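Please have a look at the model first, and then walk through the points below.

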Amino acid sequence: MTRRTVAGGILAAAGIFYTACSAPPVPLWQGSHYTVQARDQAVERGLNFIYYSIARNPKYFRDWGTDLLSAFYNIAVTSENPRLRRMAWSMGRERALEWRRLNPTVPTHANADEVADLIFGSQAADGLGVPDRRMQKQLRHAAARFSAVNYLGFDPVREPPPADIPDECPRCGYQNARGATVCTHCGAKLTMRTRYSVMIDALITTYTGDLYGITLGAHYRDVLRWIPSMRPYPPPRRGNSSEYYDAVYMVTHLVYTYNDYSQKRIRPECFPEEFAYLKSNLRQAIKDKDPETMGEYLDSLRDFGLNRSDPSIRTGYDYLLSVQNSDGSWGDPTDTGPYGRYHPTWTAIDGLREYHWSKVLPCPAF
């Protein structure tokens, strides 16, 4: 039997089938060109693409398994549709078993990034019902060797995200020290990461570490308190696309980490500047032909309480449903990298699917 056949057998045994349910068509809203059934089928096709075309590929999974486990876990625990929950759970659990097989121990000389990546993957595997307490103990010991600067590039207990952390060297890939403008390995000119890019990583890293019970240099609350210092956010304009998109992704990942990746709702008055920024710029994703960012706009705004009665949400739904690729994915089908294929598909799924939020969160005290 092929691996695909085996995987199909696992999912069929779980009672999961991929044909659309027979039911009278229900429009997404009065006058919509799309039905609930068409939306649900599009979402399932996207999830099948991620699983069969990306996650089941051994090389892709070795490189991107941690992130893929997070996708399956988040979809499984927050989706309103029980069938979609079962699909994501079965796919995710099967992949979590494989991830545990590939990562049985913490390498002796693992660096800070490798330790953090193992914590991300182990947390998702735990959530998918494949825990490993021995690895958690190893990770706790390994994580203690590194500081906030090792994990985040700065110490949020002492300062906000800085603007002098260089990107990896474009020529040799070396990560130079803070403040360097020329690569110490090959002499290439370096560019600096935006403060928003630094903040994205800090939010995700500290949130996941706290969730797993292992501090990755600092706590989430240490990073969250610097959100007011990131305002105001840059509008889209010629010459600032990197800064603009980093700001958008920082805001969406603020939403995700604050509400446990769409498990809870947030009141717009808790983050008024961020809510306004997302809503006012949603249509920019259509101008940029960017379904990946549109997905993040949609699920973040719906976390704030918007629904399909809102014109901007309807605009986003229409756009995503109109640009799905024939293979079930979203994004550029000619992209040769797995991330460029699965991540736009994941965000589009999140932008379209229905959620079951458990409660409404209180506002943070900055």
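A residue counts as buried when its relative accessible area is under 20%, as exposed when that value is over 50%, and as partly exposed in between. With 4% relative accessibility, cysteine 183 is therefore buried. Please keep in mind that this is a predicted model.

**The disulfide**

- The structure holds one disulfide, formed by cysteine 270 and cysteine 363 with their sulfur atoms 2.0 Å apart.
- The link of cysteine 270 and cysteine 363 is left-handed, with -80° about the S-S bond.
- Cysteine 270 is buried at 6% relative accessibility, whereas cysteine 363, at 33%, is partly exposed.

**Cysteines to check by eye**

- Cysteine 169 is buried, with a relative accessible area of 4%.
- For the sulfur of cysteine 183, the closest cysteine sulfur belongs to cysteine 172, and at 3.6 Å it is likewise too far for a bond.

**Aromatic pairs**

- The structure holds 19 aromatic pairs.
- In one of them, the rings of tyrosine 233 and tyrosine 277 have centres 5.2 Å apart and planes at 40°, so this pair is tilted.
- Tyrosine 233 lies in the loop between α10 (227-230) and α11, and tyrosine 277 in helix α12, so their pair ties together parts that are 44 residues apart in sequence.
- Both tyrosine 233 and tyrosine 277 are buried.
- Phenylalanine 275 and phenylalanine 304 make an edge-to-face pair, with 5.2 Å centre to centre and 70° between the planes.
- That pair also links distant parts of the chain, 29 residues apart: phenylalanine 275 is in helix α12, and phenylalanine 304 is in the loop between α14 (291-303) and α15 (311-322).
- Phenylalanine 275 is buried with a relative accessible area of 16%, and phenylalanine 304 is buried with 4%.
- One aromatic cluster is formed by Tyr196, Tyr233, Tyr244, Tyr245, Tyr249 and Tyr277.

**Charges over rings**

- Arginine 95 lies over the face of phenylalanine 61, at 4.7 Å from the ring centre.
- The charged end of arginine 265 sits over the ring of tryptophan 357, 3.7 Å from its centre.

Note on methods: Residues are numbered from 1 along each chain as its sequence is written. This is a predicted model: local features need pLDDT of at least 70, side-chain atom pairs count only at pLDDT 80 or more; totals for chains, interfaces and linings use all residues. Side-chain values use heavy atoms; hydrogens and water are left out. A disulfide is a pair of cysteine sulfur atoms within 2.5 Å. Buried means under 20% relative accessible area, exposed over 50%, partly exposed in between (1.4 Å probe, protein chains only). Rings of Phe, Tyr and Trp (its six-membered ring) pair if their centres lie within 6.5 Å; planes under 30 degrees apart count as stacked, over 60 as edge-to-face and the rest as tilted. Helices (H or I, at least four residues) and strands (E, at least two) are DSSP runs, numbered from the N terminus. A charge sits over a ring if NZ of Lys or CZ of Arg is within 6 Å of the ring centre and within 35 degrees of the ring normal.
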